[in-house]
Amino acid sequence: PIMKIYAFFIGFIVAGLAVYSQNPVVNHPDMTAGEYYHYIYSHQKQTEPPRGFKPFYISHYGRHGSRYHTNSYYMDEALKPLLKADTLHILTDSGAQLLKDLQQLTSKHEGHYGMLTELGINEQKAIAHRIIERFPELGESSNGRNKVIAQSSLLPRCLASMTHFLTTFQSGRQLNIKAYCSDSIQQYIAPSVNLKQMFALEKRMEDSMRKRYCPPENFIKRIFSDPITARHLMDSPYQWMKMIINAGSICFNMEGVPHLFKHFTIEELKGAWTVRNAREYFAFGNSRDYPTSTHDMAIGLLGDFIRRCDIALVKGSDMVADFRFGHDSVVLPFASYIGLEGFNGGHYACQVDSIFNCTESVCMATNIQFVFYRNKKGNILVKCLYNERERQFPALQAINRYYYSWEALRSYLLQLL
């Protein structure tokens with residue numbers, strides 16, 4: 001099977017050239033930041049539920065908000081050749097500015113690695129506020145439901161996201177909120193899964209694509225006055241370019257830092273995004289290359305989702321919301337595994353430029369919301385929002401566009417388990 005994957009890679013790259021011109025980064029170069037980009041929200045008018053149906057319960061999984069880099073690796077690796085070149089006096093004016101910008105970015109991170117930025121805090125508050133605005137019936141005393149269960153990954157940025165989200169959601173309302181984190185919760189909120197083989201295959205694909213889409217020669221000439229000597233200061237010019245772009249991708253989450261993308265041309269950013277997009281889809285987007293990774297990352301969460309919904313939908317339950325706070329490595333596989341619109345079709349990673357956008361699909365604070373509606377007869381419908389935009393389940397027949405019978409959806413999800 002591995003040999004077949006390698007054989008496909010060549011075809012993938014050739015086919016990928018056909019959609020390269022459709023790259024969304026052309027008009028939005030900051031979108032090169034991919035999964036490091038800040039939360040993308042645009043107002044969308046909600047489809048009205050069938051007559052007589054009112055929301056009464058929500059089940060949610062959200063990635064933490066915008067953050068600092070988790071460690072200094074990208075900045076350190078980007079700085080090494082620049083610092084060596086500086087001692088050799090072979091930096092151009094552009095190179096000297098890049099060195100200064102990276103040092104400033106590193107300095108801004110001191111004492112904050114892995115933590116939420118102010119933007120990340122505000123993202124979580126805004127998402128919670130919009131839930132209240134969009135579904136005012138949730139938590140109203142008249143419907144007899146006021147209990148909220150929140151669960152978080154053990155990492156501080158997720159705990160902080162949960163805190164700011166819940167503070168806003170509770171504001172001015174009488175809710176019984178209980179928040180938890182534990183090793184057992186971690187097993188499905190952010191499971192530790194052995195993906196060593198997947199990442200080994202992904203790296204081969206990425207390295208191959210990088211040679212096609214990310215030529216480093218012109219960039220090196222802009223940064224170093226002696227490009228030949230400069231090449232000897234780095235293990236791989238392709239990897240070095242990647243480190244700078246990855247380091248700079250976090251800048252959109254922070255204030256008072258230089259944006260490193262200004263050092264690249266639009267063509268260089270397009271190429272970098274094409275590789276990043278394919279890599280994200282390969283690993284967590286239900287790709288034909290390695291589809292089992294979505295199962296491994298999402299299966300535990302799906303089980304918890306069904307279990308918590310069953311508890312909330314029992315007659316007389318006081319549950320109004322289940323909120324979970326975790327990571328991109330779970331929310332995207334979850335959406336892919338359950339076959340949500342935009343994530344349901346398995347494609348080869350090198351061919352997804354025109355059908356998958358990692359920046360929009362797994363930006364900071366990405367969230368998935370299942371909102372449950374009920375009428376006076378006790379019939380239950382459910383609607384799914386992904387980053388607050390309505391999504392369909394292509395495998396199921398909707399009752400009314402985005403509204404599905406919970407009985408049918410539950411049966412479909414149980415089959416996945």
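Predicted model: local features only at pLDDT ≥ 70, side-chain atom pairs only at ≥ 80, totals over all residues.
Local features were taken at pLDDT of at least 70 and side-chain atom pairs at pLDDT 80 or more, whereas totals for chains, interfaces and linings use all residues. Residues are numbered from 1 along each chain as its sequence is written, and side-chain values rest on heavy atoms, with hydrogens and water left out.

We can begin with strand 5, residues 367-374. Helices (H or I, at least four residues) and strands (E, at least two) are DSSP runs, numbered from the N terminus. Seven of the eight residues in strand 5 are buried, where buried means under 20% relative accessible area, exposed over 50% and partly exposed in between, with a 1.4 Å probe and protein chains only. Strand 5 has strand 1 (residues 54-63) as an antiparallel partner, joined to it by eight bridges; two strands pair if DSSP finds at least two bridges between them. Within this pairing, Lys 54 has Arg 374 as its bridge partner. The charged end of Arg 374 also sits over the ring of Phe 56, 4.2 Å from its centre. Such a placement requires NZ of Lys or CZ of Arg within 6 Å of the ring centre and within 35 degrees of the ring normal. Another case is Arg 130, which lies over the face of Tyr 41 at 3.7 Å from the ring centre.

Strand 5 also pairs with strand 6 (residues 380-386), again antiparallel, over seven bridges. Here Val 371 stands opposite Lys 383. Five residues lie between the two strands of this hairpin, and Gly 378 takes a positive phi near 90°.

Aromatic residues come next. Rings of Phe, Tyr and Trp (its six-membered ring) pair if their centres lie within 6.5 Å, with planes under 30 degrees apart counted as stacked, over 60 as edge-to-face and the rest as tilted. By this rule the count is 23 aromatic pairs. One of them joins Phe 393 and Tyr 412 edge-to-face, at 6.4 Å centre to centre and 70° between the planes. Phe 393 belongs to the loop between strand 7 (389-391) and strand 8 (404-405) and Tyr 412 to helix 15 (residues 406-416), so the pair ties together parts 19 residues apart in sequence. Both are buried: Phe 393 has a relative accessible area of 2%, and Tyr 412 one of 16%. They share an aromatic cluster with residues including Tyr 57, Phe 305, Phe 370 and Trp 406.

The largest nonpolar core has 104 residues, and Phe 393, Phe 370 and Ile 368 are among those with the most contacts inside it. A core is a set of buried Ala, Val, Leu, Ile, Met, Phe, Trp, Tyr and Cys residues joined through side-chain atoms within 4.5 Å. Apart from it lies another core of 27 residues, among them Ile 58 and Met 162.

Ile 338 sits in the loop between helix 13 (328-337) and helix 14 (358-361) and is buried at 1% relative accessibility. Leaving aside neighbours within four places in sequence, its contacts (heavy atoms within 4.5 Å) include Ile 368, Phe 370, Phe 393 and Tyr 412.

Finally, the structure holds zero disulfides, a disulfide being a pair of cysteine sulfur atoms within 2.5 Å. The sulfur of Cys 214 has its closest cysteine sulfur in Cys 350, 12 Å away and too far for a bond. Cys 214 is buried at 7% relative accessible area, and Cys 350 is buried at 6%.
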